[in-house]
Amino acid sequence: MSLLEIRNLTVTYRTGSGATLRAVDGVDLDVGPGEVVGLAGESGCGKSTLALAVTRLLPRGTEVGADALRFDGVDLVSVGEAELRKLRWQRLSIVFQGAMNGFNPVMTIGAQIAEAIHAHRPDAKRRAVRERVRELLASVGISPQRAADYPHQFSGG
């Protein structure tokens, strides 16, 4: 069974002149539980648009069509914003590659991770957030003590 099921996904943008631009055309994809997928391709081929369509983070006015676009049985085309918000970050997220998506150089790693946790769980207590930051770092093989380090301290330089 697929955790993410995409059938015949299309994404069309409207240009400033009113013309249309098909950025994604007929994509089929299945991702199973525990599976990790990376999208690779040349600049402008639709990788980011595909990911943004799945998470419904595309600009207003963008046309998204699909025979199926489901995450764990939830229809991502018709699901309401409140339920979609619950899915994002906790179960459905994107990690973009690129220098402009990196960490803020003047904030500690822990503070930046905590900021993201607070954005999705505004009622979370400080102690619980600190512990979650430590758990997340440990889960990717980074010592929890490194939460107090700045991004440049991870570069080896």
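The structure is a predicted model, in which local features need pLDDT of at least 70 and side-chain atom pairs count only at pLDDT 80 or more, while totals for chains, interfaces and linings use all residues. Residues are numbered from 1 along each chain as its sequence is written, and side-chain values use heavy atoms, with hydrogens and water left out.

The protein has 4 helices and 5 strands, where helices (H or I, at least four residues) and strands (E, at least two) are DSSP runs numbered from the N terminus. Read from the N terminus on, the elements follow the order β-β-α-β-β-β-α-α-α. Along the principal axes, the C-alpha atoms fill a box of roughly 50 × 35 × 25 Å. Of the 157 residues, 27% count as buried; buried means under 20% relative accessible area, exposed over 50% and partly exposed in between, with a 1.4 Å probe and protein chains only. Among contacts between residues at least 6 apart in sequence, 53% join residues at least 24 apart, a contact being heavy atoms within 4.5 Å.

Two strands pair if DSSP finds at least two bridges between them. Strand S1 (residues 4–14) pairs with S2 in the antiparallel sense over 9 bridges, and Arg-14 has Thr-20 of S2 as its bridge partner. The hairpin of S1 and S2 has 5 residues between the strands, and within this hairpin Gly-18 takes a positive phi near 95 degrees. S1 also pairs with S3, again in the antiparallel sense, over 3 bridges, with Thr-12 opposite Glu-63 of S3. A further antiparallel pairing, over 4 bridges, joins S1 to strand S4 (residues 68–71). Here Leu-4 has Phe-71 of S4 as its bridge partner, and Ile-6 stands opposite Leu-69.

S4 and strand S5 (residues 74–75) run antiparallel and are joined by 2 bridges. Phe-71 has Val-74 as its bridge partner in S5. The hairpin leaves 2 residues between the strands, and Asp-72 in the turn has a positive phi of about 50 degrees.

What do the buried residues of H1 pack against? The partners are S1, S2 and S4. The buried residues of this helix are Thr-49, Leu-50, Ala-51, Ala-53 and Val-54. Just after H1, Arg-56 takes a positive phi of about 55 degrees. Thr-55 lies in the loop between helix H1 (47–54) and strand S3 (63–65). Thr-55 is counted as buried because its relative accessible area is 3%. Leaving aside neighbours within four places in sequence, Thr-55 is in contact with Leu-84, Arg-88, Leu-92 and Ile-94.

In soluble globular proteins, nonpolar side chains tend to be buried together. A nonpolar core is a set of buried Ala, Val, Leu, Ile, Met, Phe, Trp, Tyr and Cys residues joined through side-chain atoms within 4.5 Å. The largest such core has 18 residues, of which Leu-4, Ile-6, Leu-9, Val-54 and Leu-76 touch the most other members. The elements that give two or more residues to this core are S1, strand S2 (20–31), H1, S4 and helix H2 (81–87). The largest share, 4 residues, comes from S1. A second, separate core of 8 residues includes Ile-109, Ile-117, Val-129 and Val-133.

Not counting residues up to four places away in sequence, Leu-4 touches Leu-29, Asp-30, Val-31, Val-54, Arg-70, Phe-71 and Leu-76.

Helix H3 (residues 109–120) has 12 residues and reaches 17 Å from its first C-alpha to its last, close to the 16 Å expected; the expected span is 1.5 Å times one less than the number of residues. Its buried residues are Ile-109, Gly-110, Gln-112, Ile-113, Ala-114 and Ile-117, and these pack against helix H4 (126–139).

One last feature involves a ring. Arg-146 lies over the face of Phe-154, at 4.0 Å from the ring centre. A charge sits over a ring if NZ of Lys or CZ of Arg is within 6 Å of the ring centre and within 35 degrees of the ring normal.
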